[in-house]
Each structure stands twice: as C-alpha cells, then as structure tokens.
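Work through the exercises below with the sequence and the model side by side. Try each task before reading its solution.

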Amino acid sequence: METKVLPVSDESLALAADLLRRGELVALPTETVYGIAADARNGEAVKKIFEAKGRPQDNPLIVHICGMEMLRGIVAEVPERACKLAAAFWPGPLTMVLPKGPEVSPVTCAGLDTVGVRMPSHPVVQAVIRRSGVAFAAPSANLSGRPSPTNAADTFADMNGRLPLILDGGECTYGVESTVVSLAGKTPMLLRPGYVTREEMEQVLGEEVAVSHAILEKLNEGEVARSPGMKYKHYAPRAEVTILHGSFNAYRKYLASHAADGVWGLCFDGEAARLPVPCIEYGAEDDPAAQAHRLFSALRELDRNGAAVVYARCPEKDGVSMAVYNRLIRAAAFRVVEL
C-alpha cells in the first residue's frame with residue numbers, strides 16, 4: 001500500500017473524510033499525539049487499526065467527537081460529572097470512560113461494557129470529523145509498544161505501507177496522550193495521567209478522584225486493561241531503558257560506573273555536557289510540560305542514535321509530571337534504580 005503524506009488543505013481534508021466514510025484509515029495530528037482514525041461504529045474498519053499497529057485486540061480505543069450531540073448512541077448515558085468535566089476541559093486532552101452505547105462497535109471497546117470518549121481541540125481533527133460525519137476511534141499512530149509519534153515524519157516511519165493517508169499538521173502541542181478518567185463507577189478514577197491533572201478534575205468535581213494502581217505499577221495477573229496505556233510495556237524505544245531515581249550527582253556517578261559502547265543518558269536540559277556518556281535532553285527539571293512535549297521524540301532520537309542501553313533521569317510523580325513518569329516507567333518496563 002502506498003502511504004501519502006499530505007499537508008493540511010481543503011483537498012486533503014476532503015480525502016481524509018472520504019476515506020473514513022469508506023471504512024479506511026487516516027493518520028492525523030491531535031493536540032496530544034498523532035493518531036490512526038477509523039469509524040468507531042464500523043468494526044471491520046476498526047480492525048484495520050489493530051492490524052496496522054500490531055496492537056492486541058484486548059486494548060480498548062478512544063472515540064473522538066466534535067460536539068456533545070455526537071455522544072448520543074456512543075454512550076448509554078451522560079452523568080452530571082461528565083457534563084461538569086466536559087464544560088471545563090472539552091475540547092481538550094481529557095478522555096472520559098462511560099457506559100457504552102449501542103452504536104459503537106464492540107471492537108472499538110475491546111469487548112468491554114464501557115467506552116472512552118474525548119473531544120479533541122486540534123482544528124484538523126475537528127475539521128475531519130465535521131466533514132466526514134464520523135466519530136472515529138483513534139489510538140496513537142505508532143507500531144504497538146513504540147513511542148507515540150508527535151509529528152508526521154515519525155508517524156510515517158512507523159506507518160509507511162500500513163495505511164493510505166497521513167495528514168501533516170505539524171508538531172503536536174502537548175506530546176503525551178490524553179488524561180483518562182473513568183466515570184463508570186461510584187467514584188471517579190484516574191486510569192491514565194495526562195495534561196489535565198487529577199487536582200484540576202477534583203477542583204471541578206468537588207470530590208476526590210481515585211488513582212488506579214496501574215498508573216505507576218504493573219497490572220495484576222489477569223486484570224483487564226480499562227484504558228489504553230495500561231499494558232506492562234509501552235511507549236518503548238528499541239534500547240533497554242532504566243530509570244535512575246536520585247540527585248544529579250548520584251546520576252552522574254552511576255553513568256560513569258556504567259559507561260560503555262551503546263550506553264546513553266536521557267537527562268534534563270543543561271545536563272548533557274556534564275555527563276560521561278552521550279545524552280539526549282528531554283526538558284527542564286522544573287518544567288513538566290516541556291518534558292511531556294519532548295519525551296517521545298527524545299526516545300525516538302535515542303533509537304536513531306543507536307542507543308542500546310538508556311539510563312533516564314526520573315521526573316516527579318504529581319501533576320503533569322505524573323503523565324511523564326507513567327510513560328517513562330512503561331518505556332522502562334518498570335526498571336527503576338534508587339540511587
């Protein structure tokens with residue numbers, strides 16, 4: 001299959017809309033990462049996403065809409081909590097898990113009785129949904145387990161020959177996938193951290209948002225993934241990544257004692273020149289938004305440089321930093337060394 005990469009234009013948007021209506025795939029930018037879109041109601045179309053990514057079919061997908069009226073049929077109900085969060089954060093990088101409606105394909109939901117829905121703010125996504133009339137399922141546009149792409153070039157690197165069209169809308173704003181919160185139980189529960197933080201949701205809801213243990217720990221044996229991004233290893237480069245938790249001086253000493261061919265560091269801005277192995281910087285230590293924006297492209301850059309082993313500086317674990325740590329600990333397959 002030939003994969004076209006086209007700049008966003010009236011013609012390319014029309015082509016994307018036509019492909020979606022015909023049950024084909026389109027890769028396109030969102031404000032978080034690039035995604036692979038297919039009609040969420042069309043199970044055969046959604047199966048093509050799993051095939052293109054090599055994604056396990058027990059990993060649910062998120063449905064993208066461009067207006068509250070599109071929730072009808074996709075979800076069974078819209079509780080008051082969902083209305084509050086939508087008013088505060090939609091359009092934007094927040095996914096809400098709600099009881100599944102009759103129109104969304106079971107393939108999209110991985111057979112679960114719930115569905116994740118979000119209203120992205122990126123103008124390209126909104127334009128494609130409006131033109132096609134299609135609420136689409138869309139995971140990140142990478143091969144399964146690899147770092148999510150935040151630009152069209154990285155999307156093409158993974159998806160060339162696997163889908164017909166990539167819309168090039170430039171670099172993504174946030175760089176990590178949406179926050180996922182479940183509203184299907186008695187208590188709201190954070191399933192995947194993102195740019196919308198737990199603290200911000202609690203302020204809007206006026207109640208506590210619980211945190212799934214699977215955000216910072218492995219899923220228990222046999223436990224069902226209720227959200228994308230909950231699998232054991234995810235977002236990973238080819239290199240073996242280990243997180244080092246401790247001060248800069250302790251990090252530098254550890255690298256010095258483990259320096260060898262193929263060993264790289266993943267460090268904060270301004271640190272690389274003071275370290276004994278080649279390093280890629282992924283944002284300032286006190287700037288979690290910059291870390292989130294840079295993390296996935298930094299992991300891909302390590303691959304391009306032939307890194308075999310990567311020792312990563314550990315971010316904080318609250319606010320937006322929780323999203324960065326969540327992605328990094330899965331890229332490291334939960335390998336953490338306390339310095």
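## Exercise 1: the nonpolar cores

Task: find which residues touch the most other members of the largest nonpolar core.

Solution. The largest nonpolar core has 66 residues, and Ile 65, Met 96 and Phe 136 touch the most other members. A nonpolar core is a set of buried Ala, Val, Leu, Ile, Met, Phe, Trp, Tyr and Cys residues joined through side-chain atoms within 4.5 Å. Buried means under 20% relative accessible area, exposed over 50%, and partly exposed in between, with a 1.4 Å probe and protein chains only.

This is a predicted model, so local features need pLDDT of at least 70 and side-chain atom pairs count only at pLDDT 80 or more, while totals for chains, interfaces and linings use all residues. Residues are numbered from 1 along each chain as its sequence is written, and side-chain values use heavy atoms, with hydrogens and water left out.

Next, take Met 96. Leaving aside residues up to four places away in sequence, Met 96 touches Ala 82, Leu 85, Ala 86, Trp 90, Val 115, Gly 116, Val 117, Val 181 and Leu 183; contact means heavy atoms within 4.5 Å. A second, separate core has 31 residues, including Val 241, Leu 266, Ala 323 and Ala 331.

## Exercise 2: an enclosed strand

Task: state how many residues of strand E3 (residues 34-39) are buried, then trace the partners of E3.

Solution. Six of the six residues of E3 are buried, so E3 is largely enclosed by the rest of the structure. Strand E2 (residues 26-29) runs antiparallel to E3 and is joined to it by four bridges; two strands pair if DSSP finds at least two bridges between them. Ala 27 has Ile 36 as its bridge partner in E3, and four residues separate the two strands of this E2-E3 hairpin. Strand E7 (residues 136-137) is also antiparallel to E3, through two bridges. Here Asp 39 is partnered by Phe 136, a residue already met in the largest core.

## Exercise 3: cysteines

Task: decide how many disulfides the structure contains.

Solution. A search of the whole structure finds zero disulfides, a disulfide being a pair of cysteine sulfur atoms within 2.5 Å. For Cys 83, the nearest cysteine sulfur is that of Cys 66, 17 Å away. Cys 83 counts as partly exposed, at 39% relative accessibility. For Cys 267, the nearest cysteine sulfur is that of Cys 279, 4.3 Å away. Cys 267 is buried, with a relative accessible area of 0%. Cys 279 is also the bridge partner of Gly 265 in E14.
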